[in-house]
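The following note is intended for a colleague who is meeting this structure for the first time. Its points are numbered and may be read beside the sequence and the model.

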Amino acid sequence: MDVEGGKQQKKENLTNHDTRCRGLSEEERGLIKQSAVYRIAFVIAKFMDRYLVDPVVGLLFPVVGDFITSIFIIPFIYISLFRIRSLPLTLAIIFNTLRDIAIGLIPFWIGAVCDFFNRSNIQNMKLIIGFVEGNQKIIDEVNRKAVWMGVLIVVCCILICLLLLLVGKIFEVFGYGLGWLSGFVNYHPI
């Protein structure tokens, strides 16, 4: 009986794992959709990208604005990591946000203008909705690209560091009144 019971338990575990890979249960979907953090993420996507708050803040406050608006990624990460429990989705959300920061850091307001066309919060919300609704096409695409998202996150971090150095040098040369940034970039603790 123990052997047969063990086989039954193993079969149930595989079934539960298969269900998790295919998507969320109806109860989980309902709980996520009704949660305050889901509604907050939806409002953030709406205001930051549809009403263009993100690019306007980046345009008004170069460099700083891009980092300030990236704080709003927190609800998206919370949903993907703790409610949906998908590491590939979390990596995609982080990549979209880092790409948005890198685009916004391109000097001479080129990045600020390009930021008007890059809607990372809406992209993140579409991915979350796809996972919550069980859209197999979105789930498969995100899962298939998970390793690349990890690599691209590292690339974006390096690119952001290089862009910060470039922006700091530009501020130093042209004197945009942001001496604190050039001091930050030229800080060498050794």
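1. Tyr78 and Phe82 lie four residues apart in helix H6 (residues 74-83), so about one helical turn separates them. The model is a predicted one, and the positions discussed here should be read accordingly. The ring centres of Tyr78 and Phe82 are 5.5 Å apart and their planes meet at 40°, so this pair is classed as tilted. The class follows because an angle under 30 degrees would count as stacked and one over 60 as edge-to-face.

2. Tyr78 has a relative accessible area of 35% and is partly exposed. Phe82, with a relative accessible area of 52%, is exposed. The label for Phe82 holds because exposed means over 50% relative accessible area.

3. How many aromatic pairs does the count come to? The count is two.

4. On the overall fold, the protein chain has twelve helices and zero strands. Of its 190 residues, 38% count as buried. Among contacts between residues at least 6 apart in sequence, 72% join residues at least 24 apart. The accessible surface of the chain is about 11500 Å², and carbon and sulfur atoms account for 69% of that area.

5. The largest pocket holds about 270 Å³ of space. Which helices each supply at least two residues of its lining? They are helix H7 (87-104), helix H9 (120-133) and helix H10 (136-144). H7 gives the most, with four residues.

6. The lining of the largest pocket is made up of Ala92, Phe95, Asn96, Arg99, Gln123, Lys126, Leu127, Ile138, Glu141, Val142, Lys145 and Met149. Sorted by class, this lining has six nonpolar, two polar and four charged residues.

7. A search of the whole structure finds one cavity of 30 Å³ or more. The volume of the largest cavity is about 70 Å³. Helix H5 (64-69), H7 and H9 each supply at least two residues of its lining. The largest share again comes from H7, here with three residues.

8. Around the largest cavity, the lining residues are Asp54, Asp66, Thr69, Ser70, Phe72, Ile73, Thr97, Asp100, Ile101, Ser120 and Asn121. What is the make-up of this lining by class? It has three nonpolar, five polar and three charged residues.

Notes
Residues numbered from 1 in each chain as written. Predicted model: local features only at pLDDT ≥ 70, side-chain atom pairs only at ≥ 80, totals over all residues. Heavy atoms only, no water. 1 Å grid on protein atoms, 1.4 Å probe; cavity = no way out; pocket = protein on both sides within 12 Å on 5 of 7 lines; lining within 4 Å. Points joined across faces, edges and corners; volume = space filled by probe spheres on them. Nonpolar A, V, L, I, M, F, W, Y, C, P; charged D, E, K, R; others polar. Buried < 20%, exposed > 50% of the residue type's maximum accessible area, 1.4 Å probe, protein only. Contact = heavy atoms within 4.5 Å. Areas by Shrake-Rupley, 256 points an atom, 1.4 Å probe, with all protein chains shown as cover. Phe/Tyr/Trp six-rings, centres within 6.5 Å; stacked < 30°, edge-to-face > 60°.
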